[in-house]
Amino acid sequence: MGTTINNSQKNNVKPEHRTQLTYKEWYESTKKKALLPDLTPEEQARPFAKYFYEDIPQPDPDHLAMMDKPCDPDKALYPENRNDLLNPGDLDVEIGWCQLPNGAGFIANKTIYPDITAEMIDWWFAWHPLEDLRYRIWYPPQHAGIMLSPESRKRILDQSIPMSERNWGVTHHVTEDCDNGMDNVTIHFMSPREFGFDMERFKQPNVATFAGGQGWSVPVDKTDMSITAPAMMCHFFRDTPEGLEHRTRFWLGYRLTSGKVELSLPPGVSVPEQAIQGLATHNVKEFTRFKSFLPRIYKEFGGKMEV
């Protein structure tokens, strides 16, 4: 993946346009990134490096405590019913996690952002995958790095595509710790139509914007050839009088194939509860930071891809 360039050429390429040498070399690099090293001199010179060194706000204890124990699986939203997110009001579980009877994992989280708009969300999900540092400043304690293919980078930088659509069909290769150790996570972002939303209802006031898709994760130090279960991810946003409402859903062990939801776990296999809970608590922590972080960085760089 990518074209080999020498160091002098690389140094003359702006970070937004710089691509990795090959996928294999990037994958090897994640072992070092997983150690969360300090910033390189080049990264320290970036105008947004200051965000990396900020004190990170802690989650509301009552909010985080809601992830201490599993919720009632009978009240969980299954991915086949994801269009229920378009209904007015709340669902039975807006904050919680559990292992479903079929072995899959379910996670829900909700956060209100008084100072964030849908336009900021669309910009962020297009802006942050362009270089490691942009991803690390989001949540420095657990975000280690990110990569795009040359094809995905080209789409993200294409100014003819609306910001809300830049991520459609783009794959993020992420290195992060979801409270279970460092993983390499592959996330393929989808349009709301491809994700299976009812497009006749996919409009205000039912929804303001969406970022989601599917993927899988493997430990950074993985050495065997075992198969990793996929997962579906949904970040769903609504405008409310209190601010932008962010409703997250994860379905671990599920995938979408030609728009059809499929449970991908072998018979008798379950997603470990530790993995489900870890992702749930990580989600609370990274989006607690997001609440105060995004309005400030958007004020400085919002609407632009290059810095």
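Which residues of helix α2 are buried?

## Helix α2

In this predicted model, helix α2 spans residues 23-33, and its buried residues are W26, T30 and K33. These residues lie on the same side of α2 because they cover an arc of only 60 degrees around the axis. An α-helix has 3.6 residues a turn, so residues three or four places apart point the same way.

K24 and K32 are exposed on the other side of α2. The cover over the buried residues of α2 includes one helix, α6 (132-136), along with strands β3 (143-147), β4 and β5 (182-190).

## R166

R166 sits in the loop that connects α7 (150-156) with β4 (171-177). R166 is buried but forms no salt bridge. D158 has the nearest side chain of opposite charge, and it is 6.3 Å away; a salt bridge would require a side-chain nitrogen within 4 Å of a carboxyl oxygen.

A polar atom of the R166 side chain does lie 2.6 Å from the backbone oxygen of I156. Leaving aside residues up to four places away in sequence, R166 touches A126, R155, I156, L157, D158, Q159, I161 and M305. D158 is therefore in contact with R166, contact meaning heavy atoms within 4.5 Å, although no salt bridge is formed.

## The β9-β10 hairpin

Strands β9 (residues 254-257) and β10 (residues 260-263) run antiparallel and are joined by four bridges. T257 has K260 as its bridge partner in β10. Two residues stand between the strands of this hairpin, and S258 takes a positive phi near 55 degrees.

Definitions and conventions
Residues numbered from 1 in each chain as written. Predicted model: local features only at pLDDT ≥ 70, side-chain atom pairs only at ≥ 80, totals over all residues. Heavy atoms only, no water. Buried < 20%, exposed > 50% of the residue type's maximum accessible area, 1.4 Å probe, protein only. Lys, Arg positive; Asp, Glu negative; His and termini not counted. Polar contact = N/O pair within 3.5 Å; in protein donor to acceptor, adjacent residues only side chain to side chain. Arc of directions from axis to C-beta. Pairing = 2+ DSSP bridges.
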